[in-house]
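Welcome, and thanks for taking a look at this one with us. Please open the sequence and the structure side by side, and keep both in view as you read.

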Amino acid sequence: MYLCGARRSDLTTTISVDIVHDDRKDYACDKCGEKFEKKSSLRWHMTTVHERRKDYACDNCEKQFGQKSDLLRHQRTVHEGLKNIPLKVFKDYLCDKCEKRFGQKWGLIRHQRTVHESRKDYACDKCEKKFGHKPSLLFHQKIFHEGRKDYACDKCEKAFGEPSTLIRHQKTVHEGRKDYVCDKCEKKFVRKLDLLNHQSTVHEGRKDFTCDRCDKTFGHVSNLFRHRKTFHEGRKDFACDKCEKKFGHKPSLLFHQKIFHEGRKDYACDKCEKAFGEPSTLIRHQKTVHEGRKDYVCDKCEKKFVRKLDLLNHQSTVHEGRKDFTCDRCDKTFGHVSNLFRHRKTFHEGRKDFACDDCDKTYGLKQHLLDHQRIVHEGRKDYACDECKKKFGGKIDMLFHQKTVHERRKDFECDKCKKKFGKKWILFQHQKTVHEGRKDFVCNKCEKKFARKWVLLLHQKTVHEGDKSFVCDKCQKKFGHKSHLLNHQRIVHEGRKDYACDNCEKKFGYKQHLLNHQKTIHAGRKDYKCDDCEKKFGFESDLIRHQKTVHEGRKDYSCDKCEKKFGQKIQLLIHQRTVHEGRKDYRCEKCEKNFGHKVSLHKHQKTIHEGCKDFACDK
């Protein structure tokens, strides 16, 4: 006798009871290997799945069904006019926590156990992944561990793990059917479940599933589970077999493989032929670029957005000031979870997953890579200032230009010297280098120190590697930096001196030269004092040169023709130019006499043509 009351001697129940208690499935399909408890279930599987027979036809509309119960339900709801009766009439089991109704008691029990109690009683013995339903476990084992996809489409040969997925694929992809229409917005859906979810979440605004850790609410229980798994548990169960990148959702993995490794962009715009990896991206492109639509408007500042998600994020972060996502390593808060993930990946893990295939430079964000390729390798400058027509590669550079140049805004002030800056990072750099005197970047060849990394790299490239890639097309002079070439052309060949002193009207080609002039000549400042002889200098470079040549007696620059040595490189160049090349580049415009040194020309003009005699004998 069984615990349930059945007796082995009762022949009418012996077989069925043995099946239940022994968990036997004696009938196997010879096409796909699926097993069944009853022979009738196997027959139904063969006729509906493999033979795709639909033996039950409606005598009113000739629609066909694979099961008689489906035919009866169709007749009852469609032809007998019961479709307007609320669904709850046919669902007698009500959940006392969320008021969801079920047609069978076991459906209610499973719902309460998996959704409200969060129980997952079925664990996979191979990967220890847990499931709330046994069919989900069996399906997982069959698809992931056995790799079985037994149901192939006869039109495109794509294979699926379940017959329902195959049928849905054929109906939506090859037949293009969307049979369920929303009566409020006329949006169409492939499945009735998707329609019901759409109506409850979009039109009724319901979010019945709340996370017990952060109180965030969701319209679908699947979104709640995914949120718990990826955000609170930090799980990324789907790894790419080509680059080992991990993802929290399988669709994200498949999309990554299709776009990055297969290079597929299957959805092309019929107006500009631009291709996209997802249909949703194509639709958004057409709506925003070609139609210029921004359908979501903020009711507080009237700013418009392309997506509803962007509007909601804007309202929560800008107007409500919410930053709900906190980094568990540095306590920095973010308004969007995507920004938190990006912060963790780039800042704490130091990852730079996006490499340029032209110069091997790597970036932490894909957008930075695309900007680099567009500006550096393609040479594009798509953003033009509407006031001076100057062009920029990035929009943020154009906005900064407009703010600082045309609006003359400098919003960041140093609390020590009251100097103002247009960018916050420039203020930080100023405080670090000027007030703290830090020079954190050291050349590994000459041990010279620099306050900025780009100056160190420029020093190494031009001084130690001798790289001078920028050539003046007028005098063939070479420069290590493009800005130096542009300054040379502006000052030497165009003769421009754009910076005038407001005290003596003297003009300069460089702004720094003007500032140095004002500081040393008009302000009389000499801030750098030699600790050996107490002589003072207006510039740090002059002090260093003084100490090196006078007190240390160093002459590091030797002429390769006569071996004469000099303390400064400029002295060596003048020596080579005037002595060995015999050049006299400075001509007096009054008597056409030539000089090798500019200072000699000035002395000549002052004494000969101006008649100045500044030195009188005191005896």
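What follows is a short tour, from the whole chain down to single residues. Please keep in mind that this is a predicted model.

**The chain as a whole**

- The chain has 619 residues, and 25% of them are buried.
- Its secondary structure is made up of 21 helices and 40 strands.
- A compact globule with this number of residues would have a radius of gyration near 25 Å, whereas the chain has 40 Å.
- If you draw a box around the C-alpha atoms along the principal axes, the box comes to roughly 145 × 50 × 45 Å.

**A patch of positive charge**

- Which residues gather in a patch of positive charge on the surface? They are R52, K54, K63 and K155.
- To find one of these four on your screen, look for K54 in the loop that runs between α2 (39-50) and β3 (56-57).
- K54 has a relative accessibility of 48%, so it counts as partly exposed, the class between 20% and 50%.

- How far apart are K395 and N223 in space, C-alpha to C-alpha? The distance is 35 Å, and in sequence K395 and N223 are 172 residues apart.
- R408 sits in the loop between α14 and β27 (412-413).
- The backbone of R408 deserves a look: R408 is not a glycine, yet it has a positive phi of about 55°.
- Is R408 buried or exposed? R408 counts as exposed because its relative accessibility is 70%, and the cut-off for exposed is over 50%.

**A positive phi at E99**

- E99 also calls for a look at the backbone, with a positive phi of about 65° in a residue that is not a glycine.
- With a relative accessible area of 63%, E99 is exposed.

**To take away**

- For the surface, recall the positive patch of R52, K54, K63 and K155.
- For the backbone, recall the positive phi of E99 and that of R408.

Notes. Residues are numbered from 1 along each chain as its sequence is written. This is a predicted model: local features need pLDDT of at least 70, side-chain atom pairs count only at pLDDT 80 or more; totals for chains, interfaces and linings use all residues. Side-chain values use heavy atoms; hydrogens and water are left out. Patches are made of residues with over 30% relative accessible area and no salt bridge: like charges are joined within 9 Å, nonpolar side chains (Val, Leu, Ile, Met, Phe, Trp, Tyr) within 5 Å. Accessible areas come from the Shrake-Rupley method with a 1.4 Å probe; for residues, only the protein chains shown count as cover. A salt bridge is a side-chain nitrogen of Lys or Arg within 4 Å of a carboxyl oxygen of Asp or Glu. Lys and Arg count as positive and Asp and Glu as negative; His and the chain ends are not counted. The place of a charge is taken as NZ of Lys, CZ of Arg, CG of Asp or CD of Glu. Helices (H or I, at least four residues) and strands (E, at least two) are DSSP runs, numbered from the N terminus. Buried means under 20% relative accessible area, exposed over 50%, partly exposed in between (1.4 Å probe, protein chains only). The radius of gyration is taken over C-alpha atoms; the globule rule is 2.2 Å times the number of residues to the power 0.38.
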